[in-house]
Structures are given as structure tokens and as C-alpha cells.
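Here is a short report on one fold.

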Amino acid sequence: MKEIELIIPVTSKSYEELDATERRLVDAARKAVDGSYAPYSNFHVGAAILLENGEIATGANQENVAYPSGTCAERSACFWAGANYPGVPFEMIAVAAVGTDGKPTPTPTAPCGACRQALLEYETLSGHHVPVLLIGAETIYRLPSVQSLLPLAFTEF
């Protein structure tokens with residue numbers, strides 16, 4: 001038997017340490033939280049995706065009393081981008097959340113498994129790794145790709 005250790009590179013940054021493009025995307029994800037409809041969980045999430053053409057697609061979680069008929073912010077954003085800008089590659093993704101206390105989550109919030117898989121599909125379609133910014137109140141994690149959120153995923157690169 002051989003044990004294999006998986007290591008995922010994550011850079012922890014403050015907002016001030018981000019470059020202008022990253023700040024723009026973080027701001028868009030934080031603003032997208034305002035579009036959240038989460039009367040059941042009171043956990044509000046916003047996502048923003050920078051596209052190759054410079055556009056930013058945003059989405060927010062949308063809950064429904066007929067659980068699980070709602071959708072997460074990340075899938076809301078990526079499906080909107082795919083429908084409105086078909087074939088335009090993703091360049092970067094950012095996710096922000098406000099907890100049940102009404103404040104930005106102290107630590108960055110990562111996408112659920114279904115969102116990771118959906119985002120990986122779009123990363124694969126983009127033909128390159130798509131960096132991910134996970135936003136906390138004071139700390140932002142930068143991951144090199146969606147694939148880094150889903151180790152051992154089946155992908156072409």
C-alpha cells in the first residue's frame with residue numbers, strides 16, 4: 001500500500017494585497033450577496049465570474065420552500081454566464097457569504113460539491129485553469145483553479 005498526500009496550494013491575502021482585477025471581482029461577489037433569497041437558512045451567498053471578454057457575471061443563492069429546488073450562488077452565476085455568453089471562457093471566480101448573524105463570514109466560504117463540479121465543467125470548457133477567490137471578512141483565499149477545489153476530478157488538463 002502506498003499513501004498519497006494531496007496538497008492544495010492556497011494563498012491567503014488581505015483585500016489590500018489583491019490586484020485591481022481581483023478587487024473588482026471581490027467587490028462584485030460581495031455586492032451579489034444582496035440578490036440572495038435565503039429565508040430558510042439565512043445564509044446569503046454571492047458569486048462573481050470574470051469572463052474573457054471583460055464582463056462579470058454574478059449570481060446569488062435562491063432558496064425555495066420545496067427544498068432542494070433552489071440553487072446556489074455559484075451555479076446561478078455560471079449558468080447565467082453560460083446562457084448569456086456562450087463559448088466565452090471564464091477567467092476568475094469569486095465567492096462571498098454573509099452568515100446567519102448578518103455579517104460577512106469570518107473565514108472564506110467554499111462552494112458545495114455540486115457547485116464545484118458545475119464550475120469544473122466551465123473551467124474545462126475554458127481550456128485553462130480558472131483561479132478562485134474565496135472571500136472572508138478579513139481574509140481572502142486564492143486557489144489556482146477550480147480543479148484544486150475538487151482533487152482527483154476527471155478533467156482533460
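Which residue of β5 is the bridge partner of Ala96? The partner is Ile135. This is a predicted model, where local features need pLDDT of at least 70, side-chain atom pairs need 80 or more, and totals for chains, interfaces and linings use all residues. Residues are numbered from 1 along each chain as its sequence is written, and side-chain values use heavy atoms, without hydrogens or water.

**Sheet**

Strands β4 and β5 run parallel, joined by 4 bridges. Pairing requires at least two DSSP bridges between two strands. Strands are DSSP runs of E with at least two residues, helices runs of H or I with at least four, numbered from the N terminus. The open sheet has 6 strands in the order β1-β6-β5-β4-β2-β3, with mixed pairing. β1 and β3 are the edge strands; each has a single partner, so one side of each lacks a neighbour in the sheet. On average, neighbouring strands are turned by 20° against each other, direction ignored.

| Strand | Residues |
|---|---|
| β1 | 11-13 |
| β3 | 56-60 |
| β4 | 90-98 |
| β5 | 132-135 |

Helix α1 (residues 20-32) lies across β1, β2, β3, β4, β5 and β6, at about 145° to β2. Contact here means heavy atoms within 4.5 Å. Angles run from 0 to 180 degrees between N-to-C directions of axes fitted to C-alpha atoms, for helices over the stretch in contact.

**Pocket**

The largest pocket holds about 400 Å³ of space. A pocket is an open set of points on a 1 Å grid over the protein atoms alone, where a 1.4 Å probe fits, with protein on both sides within 12 Å along at least five of seven lines; lining residues have an atom within 4 Å of a point. Volume is the space filled by probe spheres set on the points. Of its 20 lining residues, Asn61, Glu63, Tyr67, Thr71 and Cys72 are the closest to the centre. Helix α2 (residues 73-84) gives the most to this lining, with 3 residues.
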